[in-house]
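Thanks for asking me to look this one over. Here are my notes, in the order in which I would walk through them with you at the screen.

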Amino acid sequence: MKHRLMNLGAYVKGACVAGVLAVVVGIAGCASDEAQQKTLNIASIAKNTTAFQAEILQDGKVTPAEYESAVLAYRTCVQDAGAEPGEISEFGNNELGFTYTITAAGETQRKAIEAETEQCLKDNLEDIGKVWSYQNLLSPKELDRQRPEVAACLRSVGIDINDSFSIDDLRKYVSEHEEATDDIKPCVEKYPGFFSINPAEVQDHHDESTG
Amino acid sequence: MTGTQGVQMKNSASTKKIVTRVAATGSGLALCAALVTIPQAANANGYGEAWSDGLGGRTTINVIGSSNYVEWVDVGHGHSAEPWLNYCGRQTKSWGISPDGMNQTAYSYWASDCTPVSFFGATGHYKYFMSGSNVWAQAYHDGAWRSGVPGVTIWR
């Protein structure tokens with residue numbers, strides 16, 4: 001498994017590089033890459049999570065071994081709750097996971113096991129996974145290296161975009177062409193790292209209570 | 001808040017035609033008018049959708065199988081009013097009743113990262129379901145299972 005532990009110092013340098021590149025590739029691209037550099041408040045996550053996850057997060061990072069131990073703990077918990085978990089495999093942007101099924105004698109029992117397994121996630125992996133995905137964000141350099149390939153993929157599904165496109169360009173395009181949200185899915189699946197958004201940067205969560 | 005619509009279901013792996021009905025329901029006391037489910041035209045594999053959370057949120061179910069044997073269920077979730085919207089921490093599940101009356105739920109992978117566009121999660125069953133019963137689906141992101149539970153009625 002490839003690991004990309006985030007080095008904030010490198011990101012600061014990357015910001016300077018991105019600033020220079022902005023002259024070439026456009027201001028929007030620079031803004032997008034800089035957005036990837038926002039820092040996730042891991043101390044705050046550690047303060048508000050379960051004891052198991054807090055212990056892992058106490059040093060401000062998640063090692064590959066710690067991440068794997070959290071996935072294993074989640075799987076064991078799901079199994080202990082009475083579900084049948086599948087094998088652990090790699091998917092998405094360097095993540096590990098498994099699917100699982102629940103078989104129950106009736107609806108009440110099914111819902112009880114569901115609730116227990118869903119609690120397993122919150123107890124063992126949810127916050128560790130958030131930090132892990134943050135650590136696995138591509139650096140500005142990695143994004144720039146991948147950008148032409150992603151652009152080619154996007155053009156192959158009918159999206160008119162050039163090699164130096166920024167995420168903001170794509171966001172604007174998708175917002176103006178609703179059908180593009182489905183069209184770009186093959187590219188999102190092929191380049192999950194490129195489309196993995198910094199959780200520290202996410203500000204547009206919608207109102208969950210909105211009807 | 002339920003609705004049904006008769007649809008013709010044709011399995012791509014065989015020419016055997018089976019009939020299913022699409023049912024859709026919302027759940028939770030917080031449901032408002034915008035969550036009224038609208039049965040959609042079904043595709044060959046048994047499809048349904050239900051309005052979900054705000055900003056045009058919508059959860060879809062696509063049952064893949066033959067007759068009353070369900071191989072897997074693709075569950076999708078997105079927001080038509082905001083095509084580019086970050087979804088962090090994602091999972092889907094689907095559930096139904098087998099011929100012997102047992103309940104079964106299948107979960108997709110848990111994805112920890114954030115993605116900017118609508119997402120899908122495959123839930124594998126590989127089981128027979130009770131003819132005439134519904135298979136339901138739900139999507140999770142950003143800390144909550146979303147209202148709007150689409151369903152497809154399985155027929156032998």
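The points below take up the salt bridges, the nonpolar cores and the contact between the chains.

1. A word on the source before anything else: this is a predicted model. Please read every value below with that in mind.

2. Let me begin with charge pairs. Searching the whole structure over all chains gives 13 salt bridges. One of them joins the side chains of A:Lys38 and A:Glu201, with an N to O distance of 3.9 Å. What does this pair tie together? A:Lys38 sits in the loop between helix H2 (27-35) and helix H3 (42-47) of chain A, while A:Glu201 belongs to the segment after helix H11 (185-190) of chain A, so the bridge links parts that are 163 residues apart in sequence. Both ends have some accessible area: A:Lys38 is partly exposed at 38% relative accessibility, and A:Glu201 is partly exposed at 23%. The distance of 3.9 Å is worth a look on your screen, since the cut-off for a salt bridge is 4 Å.

3. Next, a pair within one helix. A:Arg110 and A:Glu114 form a salt bridge whose closest N and O atoms are 2.7 Å apart. The two residues both lie in helix H6 (residues 107-124) of chain A, 4 residues apart, or about one turn of the helix. Are they buried or exposed? Both A:Arg110 and A:Glu114 are buried.

4. That pair is also part of a wider group. A network of salt bridges links A:Glu107, A:Arg110, A:Lys111, A:Glu114, A:Glu118 and B:Lys93. The link between A:Glu118 and B:Lys93 is itself a salt bridge, with the closest N and O atoms 2.9 Å apart.

5. A further pair in chain A deserves a line. A:Lys122 and A:Glu126 form a salt bridge at 3.6 Å between the closest N and O atoms. Here A:Glu126 counts as buried, at 18% relative accessibility, whereas A:Lys122 is partly exposed at 32%.

6. Now the nonpolar side chains. The largest nonpolar core has 30 residues, and those touching the most other members are A:Leu57, A:Val62, A:Tyr67, A:Tyr74, A:Tyr100, A:Leu125 and A:Ile128. The elements of chain A that contribute two or more residues to this core are H3, helix H4 (51-57), helix H5 (64-80), strand E4 (100-104), H6 and helix H7 (126-135). Which element gives the largest share? That is H5(A), with 5 residues. Another core, of 22 residues, lies apart from this one and includes A:Cys153, A:Leu170, A:Tyr173 and A:Phe194.

7. Last, the contact between the chains. Chain A brings 49 residues to the contact and chain B brings 43. Together the two chains bury about 4000 Å², 54% of it on carbon and sulfur atoms. On the chain B side, B:Trp84, B:Tyr107 and B:Tyr109 account for 21% of the area that chain B buries against chain A, more than any other three residues.

8. The interface has polar links as well. Between chain B and chain A there are 18 residue pairs in polar contact, and 2 salt bridges cross the interface. Strands E6 (87-97), E7 (103-107), E8 (111-115), E9 (119-128), E10 (134-141) and E11 (144-145) of chain B each give two or more residues to the side that touches chain A. By class, that side of chain B has 22 nonpolar, 16 polar and 5 charged residues.

Methods
Residues are numbered from 1 along each chain as its sequence is written. Chains are lettered from A and ligands numbered from 1 in the order in which they are written. This is a predicted model: local features need pLDDT of at least 70, side-chain atom pairs count only at pLDDT 80 or more; totals for chains, interfaces and linings use all residues. Side-chain values use heavy atoms; hydrogens and water are left out. Buried means under 20% relative accessible area, exposed over 50%, partly exposed in between (1.4 Å probe, protein chains only). A nonpolar core is a set of buried Ala, Val, Leu, Ile, Met, Phe, Trp, Tyr and Cys residues joined through side-chain atoms within 4.5 Å. Contact means heavy atoms within 4.5 Å. Buried area is the accessible area (1.4 Å probe) that two parts lose on being put together, summed over both. A polar contact is a pair of N or O atoms within 3.5 Å; within protein, one must be able to donate a hydrogen and the other to accept it, and residues adjacent in sequence count only if both atoms are side-chain atoms. Ala, Val, Leu, Ile, Met, Phe, Trp, Tyr, Cys and Pro count as nonpolar, Asp, Glu, Lys and Arg as charged, and the others, Gly among them, as polar.
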